[in-house]
Amino acid sequence: MNRKGAIEIAVGIFVMLGLASLFVLALKMSNFGVLAGNNGYTLTARFEDIGGLKVQSPVNAGGVRIGRVTRIRYDQESYQAEVTLFINDQYNRFPLDSSAGIFTSGLLGEQYVGLEPGAEEDFLKEGDTITLTQSAFVMERVLGQLLYSKAAE
Amino acid sequence: MLRQQVQGLGRWFINTVQRLGRGNLFFLRVIRGFPALIFRQPGLLISQLHIVGVLSLLIIVVSSVNVGMVLGLQMYNTLVDFGAESSLGPAVGLSLVRELGPVMAALLFAGRAGSALTAEIGLMKATEQLDGMEMMAVDPVRRIVAPRLLAGIISLPLLAAIFSAVGIFGAYFVGVGMLGGDAGAFWSQMQAKIDWHDDIINGIIKSVVFGIVVTWIAVFEGYDAVPTAEGVSRATTRAVVNGSLAILALDFLLTAIMFNG
Amino acid sequence: MTSLTTQQGEKDRLVEIRKLVFGYAERKIFSGFDIDIRRGQVTAIMGPSGTGKTTLLRMIGGQLAPQSGQVIVDGLDVVKLSRKELYKLRRRIGMLFQNGALFTGLNVYDNVAFPLREHTQLPETMIRDIVLIKLEAVGLRGGHALMPNELSGGMARRVALARAIALDPMVIMYDEPFTGLDPITVGVVMQLIRKLNDALGLTSIIISHDVQEICAISDYLYLLSNGRVVGQGTPAEMQANESPAVYQFMHGQPDGPVPFHYPAPALVDDLLPKPTVAKC
């Protein structure tokens, strides 16, 4: 009986350790804590060029992660890339004239969507479109423009 | 001469297909014992969780600390050249959660618990314990095999989660504690990069699949062993080799399905 | 469930084996024989090694099915039983395997308690009483806490015997119960088999090739050889049987109908040098 009790305790500890590890992985080491559950709203933004942005890329505001990119498609009507952003529910006070830009974290880091709050009194809500956008910084294009303007001089 | 080779190939193929068939039927037979096991004899499951899970804990923790520390050291030294040492967290975290955690834990599990299961069941067969049970009107598949298979399926995902978590702390210890990386960047970058659904849930799915396959191979090899000392030792070797190969093959397959979507 | 032909004395036959055929393409193990086992008796089935004696026990227990023929145990055709019915029948059959086949992970007490816990809903106190009584019957009540690896061969077999009688079966089958035991233990096991049979009103089937021991404790003997019954009778009848096959076995003659030599070409042919043939 005593041995059986010891085994049960050991198994109990084992299961607890395993579940605790899962918990730590989910909460401390992944975006689960940041994006608790799937509660949030989606916005769309159109860009001339999205550079290396991918589905699952982060959406940041002021450097804090507030959501992620859920869909990217090319819109043939406007010849622009249409990016769907999923923003966590707790960040629901972005003014209507907020702008979105695609930036790179560090020199070699991945690309993310940065939200820049505007000044309107109404807030963005589910399904809205962000009209003010700034495309990704694409090295080749910038260099090309630079050379072109130099040549024109 | 050539005829013999062709015949040999044919025989090998037929035997392999037959074994696969027997293995599948066996798996179904075992699974049918699960409900009765859970509701009527949970004590059997608990004692197997102890043998299969708890006793594998030590080797899992020791290996994962090592793997984590080596990852931390190597990646830090490489990343620091590009000034990208803040990416240490995501680099270590992703490799552990997606690949190394499930795969390494499963390989260690095949060596530690899988071989023990095969040897135990094979020995029970060789010493007529399984026959004896059968003659006592107790189905050995339900009484002996079912708790072991279920314990393996439950244990491996837990062990893999422990492997990943402990490994990440091992990398943190080296990369941040010893080499002086930034603690905040380590965690925040990791949080930004590891997606709980795409990375962690998929990692868990992987380890559940590995748990089923490794334990299944182990118990089947034991149950199907030639009931002699030599037969059992061969079966044990086969269980570890086939189990490990199955893990690697499945890992490739699952990774291709999960992370390329 | 097939109705049996009513014959005189049918009631006192517990096991009836009819025209049993079993074997592989190249080697027939059983080529059609009949065996009757009477209630309350100790019946021995003897035969040289490799005649399929253990196979026969497995067929009585329903672990193997014959290619043709009937195995009837207590009026039930074992071959035709469903799995559930077979398991029900097996609860009334005790079997002692060659080396006891004790569960190595359980101690003596739990080994004996195993069938009780699996098949009855008895409270633990009652199981304890039954286990101790059964262990007392084989003289090992004092060793109930030992593990199987701490037991000698004879003790292991006695524990296995206690386990086999735990559910009070109607028949016990012994597979080579004397193999590998010292003379004293052989005596102990012999005495146990006979005593348990008579005291509990059991029927016993013993598979063995130990002629002396078998003659001392059985009521009836069968001798199997080459897939058929070559002799049967009481021990005294068998000892006096003059047919060559029975005589050779009962008196341990090295050569006879069972040849000393494995089939081979004549020795001279093997020894003479042959021209070597190049292999392809």
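## Exercises on a three-chain predicted model

A search over all chains of the whole structure turns up twelve aromatic pairs. Here rings of Phe, Tyr and Trp (its six-membered ring) pair if their centres lie within 6.5 Å, and planes under 30 degrees apart count as stacked, over 60 as edge-to-face and the rest as tilted. This is a predicted model, where local features need pLDDT of at least 70 and side-chain atom pairs count only at pLDDT 80 or more, while totals for chains, interfaces and linings use all residues. Residues are numbered from 1 along each chain as its sequence is written, chains are lettered from A and ligands numbered from 1 in the order in which they are written, and side-chain values use heavy atoms, leaving out hydrogens and water.

**Exercise 1. Work out what kind of aromatic pair F26(B) and F220(B) form.**

Step 1: A pair of aromatic rings is described by the distance of the centres and the angle of the planes.

Step 2: For F26(B) and F220(B) the centres are 5.5 Å apart and the planes make 55 degrees, which is a tilted pair.

Step 3: Now place the two residues. F26(B) lies in helix 1 (residues 2–32) of chain B and F220(B) in helix 9 (residues 196–223) of chain B, so the pair ties together parts 194 residues apart in sequence. Helices (H or I, at least four residues) and strands (E, at least two) are DSSP runs, numbered from the N terminus.

Step 4: Check the surroundings. Buried means under 20% relative accessible area, exposed over 50%, partly exposed in between (1.4 Å probe, protein chains only). F26(B) has 5% relative accessibility, so F26(B) counts as buried; F220(B) is buried too, with a relative accessible area of 9%.

Elsewhere in chain B, F169(B), Y172(B), F186(B) and W187(B) form one aromatic cluster.

**Exercise 2. Which two chains have the most contacts between them?**

Step 1: Contact means heavy atoms within 4.5 Å. Among the two pairs of chains that touch, chains A and B have the most contacts.

Step 2: Rule out the remaining pair. Chain A and chain C share no contact, and their closest C-alpha atoms lie 13 Å apart.

Step 3: Describe the interface of chain B and chain A. It takes 28 residues from chain B and 25 residues from chain A. About 2400 Å² is buried between them, 77% of it on carbon and sulfur atoms. Buried area is the accessible area (1.4 Å probe) that two parts lose on being put together, summed over both.

**Exercise 3. How many salt bridges cross the interface of chain B and chain C?**

Step 1: A salt bridge is a side-chain nitrogen of Lys or Arg within 4 Å of a carboxyl oxygen of Asp or Glu.

Step 2: By this rule, chain B and chain C have four salt bridges across their interface. One example joins R58(C) and D131(B), at 2.8 Å from N to O.

Step 3: Turn to chain B and chain A, where the count is zero salt bridges.
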